[in-house]
Amino acid sequence: MTKATQAELDIAAVRRDFPILEQSINGQPLAFLDSAASSQRPRQVIEHQVDYYQRYHANVHRGVYTLSEQATQAYEDAREKVARFINAQMAQEVVFARNTTEAINLVAQAWGGANLQAGDRILLTVMEHHSNIVPWQLIAQRVGAQLDYLPIDGDGRLDLGVLDTLLTEQTKMVAVTHQSNVLGTINPIPLLAQRAQAVGALLLVDGAQSVPHMPVDVQALGADFVAFSGHKMCGPTGVGVLWGRYELLDAMPPFLGGGSMIEVVGLQQSSYAEVPNRFEAGTPAIAEAITLAAAVDYLESIGLERIYQHEHLLTSYALEALSEVSGLQVYGPPTMDNRGGAISFTLEGVHPHDIAALLDEEGIAIRAGHHCTQPLHRVLDQNATGRASFYLYNSTDEIDRLVAGLRRAQGMFRR
Amino acid sequence: MSSMYNELILEHSRYPSNYGTLDNATASDEEHNPLCGDQIRIDLIVEDDVVTDIKFSGRGCAISQASASMLTEAVLGKSVEEAKAFSKDDLLELIGIPLQRNPVRLKCALISLKALKSCLYGTGTVHSDAE
C-alpha cells in the first residue's frame, strides 16, 4: 500500500463531489445514512452519463456507423474495466444484468435449470437478502430440490459448527452474502469456497454489500459466481454484474431469449451466442454500463482500501456512541472483527418507522423495516429494525446527529 | 416540533383504546404490510347488525397503532351499515395529520381500516356459531 492510500479520506473534498449532499432536508443538512439501500453519485459519474447521451448514444453490437461503433467500444471497455476491478480472468466473465437480483436469478434459472435435480440441496444462510433466497426457491420448487439454511450465532455471525451437517454430497450450490445488509457481518468466503469445493458444490457470492465497500478479488475469494449492483457503488440504477468462471458460464444455457443473445435463429430453434452476449438479451443498459465504468474510476481514484478503512472507523465510532443510548439494541457483531458499515438496531418504546420519520424531520435518512430479510428478522424476533449504513461521504458529525436524534425520539415516546 | 407526531397520535400510541383480542369474535382479519412486516389484527362482534365489541392487536408504528385505536373508537356501537360507510377520508380526518404525499405512511395509517372492511364484508375469517 502506498502512503497516499493509507492517508485518511478528505471528507470535505469527497462531499463536494456529491451534489445531492449539498441540500437541506426539513431545514437541516442532509445526513444520508442509507447507502446500503442505494448510494449517491458523484458529479464525475453523473456527467459521464450525460456526456454519453449528448455525444455518442446509439445501439450496441448492431450498427456499422460511427456512433454505434463508439457506443459499442465504450460498452465493451466498461466490461473490461469491471473485469479488472474485480480481478476476473477475462472480460467475457463479466455479464451485465439489471442488478444483483437479476444476476442471481440468471444463475438460478440457467445454471440451476440445467444442473439441479430432485433431491439436490442448495445451502443458503438465514442472513440472506430476499434476492438470494427467492430465486433459489423458484428453481428448487421447479426441479424438486431442497433448501438448507446456515444459522447465525448471538453475535450475528454464521454458525459454522453445523456446516458439516448441512453441507453434504447432495449440496450442489452454496449461495451466501459476502456482507450482510442488516448485520454488517462479513462472511468467511474463502473458507466456504474451500468447503463447498470439497463436496463438489458451487459457490455463489452476493457481493451487493461488499464490492462497493472493500477491495474484492473474485479469484482470491474462490467463488464460482459473484453478483453485485451498480447503484450501490456510486453508479447508476439499472445495471448490475454477474461474474462467473468462464467454463461455467460457457456451459450454461440462455436465461432470457431475444436479440443479441443468438447466433442463428430458425423457425423452431436457434443457436446461441458466445458468453457473455448469450446472457444479454435485448438492448442492454448501455448508458448505465458505460457509466458504471466511471463509477469504478471514481472509487479507484479514492481507493477501495481507503474507503474500507474510513467505514471501519465510522462504524467503530457509531457502535461506541450507540452503546451509550439506553434501551438501544444493536443486531450484529458488537466488535469490528470482519464487520462492515451497516448497523441495525431497535430502540425500546419507539417503532423503527417512527424513528426513521422523526430522524427525517432533522434531515437524517435511515432505513426502517425488514430490509428485504424477513427470515433473518424472524430469527431476530423483530418485525422491523432501523438501519444506519455508511459510505465514503459520511462523517462522525452525522453519527453524532443520529445519536442525538435517537435520544430525542426516545424522549418523545416516553410514557 | 414534529408535524406527524402530535399529542393525539402520541397519546393513542402510548395508551391505545380497544387493544386486545376477542375470544368470541364473529369476524376477524389480520392484515400485513409487506413493506415493513408489520401486522394488525381486528376482532369484532356483530349482534343485530350492530358492532357491539371490537379489539385490535398486533405490532406496528405509532401511526398504525394510533389509527387503529381511533378507528375502533369510531365504529364501536355503530351499525354495520355505518361502519361499512366509514371511509379512508373519514379515518384520515380523525388522525388529522397530512399523509397524502407520503404513500408509505399512508399504508400504515390505513392498514386497520383494511382489516375492518375485510371483517365487515366477510372476506376475513368469519366465525359461525358452529365453531
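Tutor: Start with charge in chain B. It carries 12 positive and 20 negative side chains. The centres of the two sets lie 10 Å apart. Lys and Arg count as positive here, Asp and Glu as negative, while His and the chain ends are not counted. Each charge is placed at NZ of Lys, CZ of Arg, CG of Asp or CD of Glu.

A word on the basis. This is a predicted model, in which local features need pLDDT of at least 70, side-chain atom pairs count only at pLDDT 80 or more, and totals for chains, interfaces and linings use all residues; side-chain values use heavy atoms, with hydrogens and water left out. Residues are numbered from 1 along each chain as its sequence is written, and chains are lettered from A and ligands numbered from 1 in the order in which they are written.

Now the fold of chain B. It has five helices and four strands. In sequence order the pattern is α-β-β-β-α-α-α-α-β.

Next, its dimensions. The C-alpha trace of chain B spans about 50 × 25 × 25 Å along its principal axes. Its radius of gyration is 14 Å, in agreement with the value near 14 Å for a compact globule of 131 residues. That radius is taken over C-alpha atoms, and the globule rule is 2.2 Å times the number of residues to the power 0.38.

Packing follows. Of the 131 residues of chain B, 50% count as buried. Buried means under 20% relative accessible area, exposed means over 50%, and partly exposed falls in between (1.4 Å probe, protein chains only). Take contacts between residues at least 6 apart in sequence: in chain B, 62% of them join residues at least 24 apart. Contact means heavy atoms within 4.5 Å. The accessible surface of chain B comes to about 6,400 Å². Carbon and sulfur atoms account for 51% of that surface. Such areas come from the Shrake-Rupley method with a 1.4 Å probe; for residues, only the protein chains shown count as cover.

Zoom in on one residue. Ala74(B) sits in helix α2, residues 62-75. Its relative accessible area is 19%, so Ala74(B) is buried. Leaving out residues up to four places away in sequence, Ala74(B) touches Phe86(B) and Leu94(B). Pro16(B) is 58 residues from Ala74(B) along the chain, yet their C-alpha atoms are separated by 13 Å.

Now the partner. Chain A has 15 helices and 17 strands. Its radius of gyration is 22 Å, close to the 22 Å from the globule rule for 415 residues, so chain A is as compact as a globular protein of that length. Its C-alpha atoms fill a box of roughly 70 × 55 × 40 Å along the principal axes. Buried residues make up 56% of chain A. Its charges comprise 29 positive and 46 negative side chains, with the centres of the two sets 3 Å apart.

Where do the chains meet? The area buried between them is about 1,500 Å², with 47% from carbon and sulfur atoms. Buried area here is the accessible area (1.4 Å probe) that two parts lose on being put together, summed over both. On the side of chain A, His353(A), Asn383(A) and Arg415(A) supply 36% of the area that chain A buries against chain B, more than any other three residues.

Asp381(A) has a positive phi of about 60° although it is not a glycine. It lies in the loop between α14 (374-380) and β17 (385-389). At 54% relative accessibility, Asp381(A) is exposed. Asn87(A), also not a glycine, has phi near 55°. Its loop runs between α4 (66-85) and β4 (94-97). With a relative accessible area of 32%, Asn87(A) is partly exposed. The peptide bond from Val275(A) to Pro276(A) is cis, with omega near 5°. Pro276(A) is in the loop between β12 and α11 (286-302).

Technical notes
Helix = DSSP H or I, 4+ residues; strand = E, 2+ residues; numbered from the N terminus.
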